[in-house]
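Here is a set of questions and answers on cavities, cores and backbone geometry. Look at the sequence and the model first.

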Amino acid sequence: MDRAASPKSKRPSFAKGSLGRSSSYLDDHLEYRAQTGPATSIDGILEQPATFSSNAVSNVSLASRKSIVGAIAPSPMPEDITLVHTLSHMNCIQGNESAPRLVATLYYNAAQPRHPHPHPDQSPYSKPSDSIPAPSIAEGLAPTNNISDYPLEPPGPEPEPLDHIYGPYISQLCLTHFLATLDSLLIHNEPDQRRLISTHRCLAPDTTKPRIMEVTFSPPPNPEYLPFHLLSKHESIYKFEREWNCEVILQPSSIKRRYKRLCVFDMDSTLIQQEVIDEIAAFVGVKDQVSAITERAMNGELDFSASLKARVALLKGVPADVFERLRPKITITPGARELCKCLKWLGFTLAVLSGGFQPLADWLAGELGLDYAFANHLITDPESKTLTGELDPNQPIVNAEHKQMLLMSLAHGKGIPLAQTMAVGDGANDLPMLKTAGLGVAWRAKAKVQMEAPARLNVGESMLDLVYLLGFTEAEVQEMLAD
């Protein structure tokens with residue numbers, strides 16, 4: 001049989017420009033393709049060449065896309081025109097303006113980039129007798145990080161980290177992966193609610209290697225399948241966070257997200273880096289005993305009020321001027337001053353609601369410019385000028401329920417809807433106020449708190465990172481701090 005006369009079987013063509021003319025994944029997601037022309041940042045706009053190549057964006061491909069990110073490129077202009085203007089702004093989402101939207105703030109963990117697989121030439125030689133590393137539990141995923149105390153079967157292996165391959169920042173591929181993750185969660189939506197529409201803004205430090213990014217998207221997953229309060233805890237979101245070494249905080253996109261008016265903070269291990277009661281206990285040599293009770297109470301293993309009374313009883317005999325002595329040793333959390341300054345610039349009412357003690361809460365309020373300070377009151381023996389080991393019975397104990405009540409009382413007194421409030425804390429006694437506030441953030445919190453809080457943030461470089469949850473860019477934050 002003549003081979004030349006035989007019909008040629010159809011084969012996929014990979015000639016130059018063929019991908020642009022065929023229906024393919026790349027054609028459906030042209031916003032992620034490598035662009036020609038001058039290099040640009042992740043949040044920039046390319047200078048379009050005067051003429052388009054054969055694989056340029058087509059109207060057909062744009063109409064068939066499942067996801068829209070940023071603006072559609074304008075039509076080419078004549079060569080003799082140097083000014084190009086488009087009404088399709090890259091930060092505008094196309095579609096139904098009344099449709100529900102969510103905002104995801106992505107934080108890259110710049111402080112701890114993960115590089116688990118060094119080059120083989122630099123790796124230590126592995127012998128057959130070497131044991132396999134024991135599985136570990138990531139912080140905040142279980143009530144314990146001790147594998148021997150883990151109540152279930154050992155956790156699976158951690159996913160392959162990708163930030164050390166594609167860049168120690170929120171790279172374009174990281175953003176693409178996040179959008180694909182969101183798109184996968186729309187599978188249970190109605191057919192007409194499965195087209196993901198999204199846009200993004202790089203908040204800090206710039207658009208070339210962003211550390212913090214804001215992604216607005218619509219529609220949200222079907223609430224009957226995946227309610228909003230469980231969305232951030234979905235295994236797909238968690239897997240994305242572990243792979244790209246970042247954390248995601250989700251909020252409804254509304255005017256009340258951008259214009260908060262009240263923020264309340266826990267004090268110990270939040271606005272300051274110490275647990276004050278543990279430091280006081282060091283004066284009478286019972287720090288280890290008190291610290292053990294504090295740790296269990298903050299992780300929700302003990303009733304807070306009962307544990308506080310037990311710890312305070314161990315402080316009997318401590319000099320009454322202990323708070324003045326402690327002030328030089330107190331370390332204000334990095335970024336707390338700057339965060340409070342920005343929030344005051346925005347007109348916030350600020351308060352500290354502490355399970356610690358009033359003298360230090362009052363001092364901290366003065367240092368940070370807070371409007372209110374609520375904490376526990378100790379009784380002092382006027383003759384010996386020492387602590388009696390008792391709490392003032394005429395003052396309420398600032399426990400979990402009282403913190404929640406104080407938040408609601410402050411908001412009501414100022415005429416502020418709860419949706420326009422923020423709460424930040426780290427202990428189990430902060431959970432009720434975190435869940436009550438419009439935005440409750442567990443800041444480098446205990447494991448149980450991270451599991452239950454509406455949002456968590458461990459990777460922030462400083463507390464100032466919390467201000468980006470309101471949608472401000474670093475340039476705007478610096479402008480507030482400059483005033």
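Contact here means heavy atoms within 4.5 Å. The model is predicted.

Q: How many cavities of 30 Å³ or more are there?
A: A cavity is a set of points where a 1.4 Å probe fits but cannot get out. With a cut-off of 30 Å³ or more, the count is two.

Q: What is the volume of the largest cavity, and which residues are closest to its centre?
A: The volume of the largest cavity is about 110 Å³. Its lining holds 15 residues. Those closest to the centre are D268, E275, F304, G355 and G356.

Q: Which element gives the most to the lining of the largest cavity?
A: The elements that give two or more residues to this lining are α10 (287-298), α11 (304-313) and β7 (349-357). With four residues, the one that gives the most is β7.

Q: How many nonpolar, polar and charged residues does the lining of the largest cavity have?
A: Gly counts as polar in this scheme, and G355 and G356 are among the lining residues closest to the centre. By class, the lining has five nonpolar, five polar and five charged residues.

Q: What is the volume of the second largest cavity, and which elements each supply at least two residues of its lining?
A: The second largest cavity has a volume of about 70 Å³. It is lined by S232, K233, V248, I249, Q450, A453, P454, A455 and R456. By class these are five nonpolar, two polar and two charged residues. The elements that each supply at least two of the lining residues are β5 (246-252) and β13 (455-457).

Q: Which residues touch the most other members of the largest nonpolar core?
A: This core has 68 residues, and helix α14 (residues 358-368) gives the most to it, with six residues. The members that touch the most others are F265, I280 and F357.

Q: Which residues does F265 touch, not counting residues up to four places away in sequence?
A: F265 belongs to the largest nonpolar core, so its relative accessible area is under 20%, as buried requires. With sequence neighbours up to four places away left out, F265 touches L271, L339, C340, L343, L350, A351, V352, L353, V424, M433 and M463.

Q: How many residues does the second, separate core have?
A: Among the members of this core are L185, L196, V215 and L250. The number of residues in the core is 26.

Q: Is V276 buried or exposed?
A: V276 is in helix α9 (residues 276-281) and touches M267, D268, L326, I330, F357 and L360, not counting residues up to four places away in sequence. Because its relative accessible area is 1%, V276 is buried.

Q: What is the C-alpha to C-alpha distance between V276 and G355?
A: In sequence, V276 and G355 are 79 residues apart. G355 is among the residues closest to the centre of the largest cavity. In space, the C-alpha to C-alpha distance from V276 to G355 is 9.7 Å.

Q: Why does N429 count as buried?
A: N429 is in the loop between β11 (421-425) and α16 (431-436). Its contacts, not counting residues up to four places away in sequence, are M298, F304, A400 and K403. Buried means under 20% relative accessible area, so N429 counts as buried because its relative accessibility is 4%.

Q: Which residues of α5 are buried?
A: Helix α5 (residues 172-184) has 13 residues and reaches 18 Å from its first C-alpha to its last, close to the 18 Å expected at 1.5 Å a residue. An α-helix has 3.6 residues a turn, so residues three or four places apart point the same way. The buried residues of α5 are C174, L175, T176, F178, L179, T181 and L182.

Q: What is omega for the cis peptide bonds from A204 to P205 and from S218 to P219?
A: P205 lies in the loop between β3 (196-204) and β4 (212-218). P219 is in the loop between β4 and α6 (228-231). Omega is near -10 degrees for the A204 to P205 bond and, for the S218 to P219 bond, near 0 degrees.

Q: Is K385 buried or exposed?
A: K385 is in the loop between β9 (378-381) and β10 (386-391). K385 is not a glycine, yet its phi is positive, about 55 degrees. Because its relative accessible area is 60%, K385 is exposed.

Definitions and conventions
Residues numbered from 1 in each chain as written. Predicted model: local features only at pLDDT ≥ 70, side-chain atom pairs only at ≥ 80, totals over all residues. Heavy atoms only, no water. 1 Å grid on protein atoms, 1.4 Å probe; cavity = no way out; pocket = protein on both sides within 12 Å on 5 of 7 lines; lining within 4 Å. Points joined across faces, edges and corners; volume = space filled by probe spheres on them. Core = buried A, V, L, I, M, F, W, Y, C linked by side-chain atoms within 4.5 Å. Buried < 20%, exposed > 50% of the residue type's maximum accessible area, 1.4 Å probe, protein only. Expected span 1.5 Å × (residues − 1).
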